[in-house]
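Dear colleague,

Please find the structure below, together with its sequence. A short account of the findings follows.

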Amino acid sequence: MNILDFRSDTVTKPTQEMRDFMAKAPVGDDVFGDDPTVNELEALGASIFGMEAALFCSSGTMTNQIAINVHTNPGDEVICHEEAHIYRYEGGGIARNSGASVRFIRGNNGRIDPSQIIDNINPDDQHYPRTTLVSIEDTANRGGGYCYDFEVIQEISKICKANNLAFHLDGARVFNALELTKIDPVLYGQQFDSISVCLSKGLGAPVGSLLIGKKEFISEARRVRKVFGGGMRQAGIIAAGGIYALKNNVQRLAIDHANAKRIENMLASKEWIKEVLPVQTNIVVAHVADGINELDLVTELRELGILCVGFGKGRVRFTTHLDVSSEMIDALEGRLPNQLSR
Ligand SMILES: *Cc1c(COP(=O)(O)O)cnc(C)c1O
């Protein structure tokens, strides 16, 4: 039985065309600035968002953590959603790498509201940590792949400027957001001081993320990347996968969104599912029916050749991506049980 893998959009494997492109990439020592393929990827990433410069890193955790490190000083405070990846899934890096603390915001589907930001900026008083950075996620992973309305992002950007705060985007899936909202990436990019983009999720590259921002910010970020042990040498081999991904795999994201919609509809009809969050992009989050343990459900589906993940108490997540075909969605329809056996 072929396995239908919906665990994450990180499971994509490079296609033969991408591998061929990577194999032929010219390379050099990137710490000396000599790798033409890394340089090309960085220039391409920056130009997509109309920004000055970019830095190629090994992961989205690294690009986020470098951004936090450059934007803050020890003792500062970062405003983010309580379920933000930068806090929940990066090993406590905000405290560990940068000595900064976090002010949580609760918000609907992983998104925060401009008024909540205003309420959580500390006054200039010796008792409080200095608020210096606001970070948002678009799309919001824990929120179920939800996107921000562009007007909200513009408003947050204005608040940040007025209060002298840096504004960071954890844009691991920013191209999924832009596919849905159709906002011009250059106009979108202007709202932020820094953007982190994953090349290794739905875009299908095997490794890597880009940190994008102003020249001065990126040159500081390059120093921090070295300190974190992230300076790479002939990295053009993997950067080429990123170039291929940006040139070939952005336009097709609508397919992933349509496939996710189909999964939403299938799950909604099952009595072992209580509710499915309405799908916006490539993530489907479903609440299991009362009395069912989500991890038991994950196990039972695995036995049927369907992989998904538990997503916190009572929730499961399915993700669509480059390696999920419409035939696999057809197969899923045939395999999803009407009733659970346990
Ligand atoms: C995947 C992801 C990241 C980065 O993860 P890495 O595995 O370190 O590349 C950052 N933010 C969000 C929202 C993500 O989903």
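**Findings**

N109 is found in the loop between β4 (101-105) and α6 (114-119); helices (H or I, at least four residues) and strands (E, at least two) are DSSP runs, numbered from the N terminus. The phi of N109 is near 50°, a positive value in a residue other than glycine. The model is predicted, with local features requiring pLDDT of at least 70 and side-chain atom pairs counted only at pLDDT 80 or more, while totals for chains, interfaces and linings use all residues. Residues are numbered from 1 along each chain as its sequence is written, and side-chain values use heavy atoms, with hydrogens and water left out.

T139 belongs to the loop between β5 (131-137) and α7 (150-162). Most residues other than glycine have a negative phi, and most peptide bonds are trans.

- G60: a backbone N or O atom lies 2.8 Å from a ligand oxygen atom.
- R173: a side-chain N or O atom is 3.0 Å from a ligand oxygen atom.
- H85: a polar side-chain atom lies 3.5 Å from a ligand nitrogen atom.

Finally, the whole structure holds seven aromatic pairs (Phe, Tyr or Trp rings, the last by its six-membered ring, with centres within 6.5 Å; planes under 30 degrees apart are stacked, over 60 edge-to-face and the rest tilted). One of them, F49 with F175, is tilted, at 5.7 Å centre to centre and 45° between the planes. This pair links distant parts of the chain, 126 residues apart: F49 lies in the loop between α2 (36-48) and β2 (53-57), and F175 in helix α8 (residues 174-181).

Yours sincerely

Methods: Polar contact = N/O pair within 3.5 Å; in protein donor to acceptor, adjacent residues only side chain to side chain.
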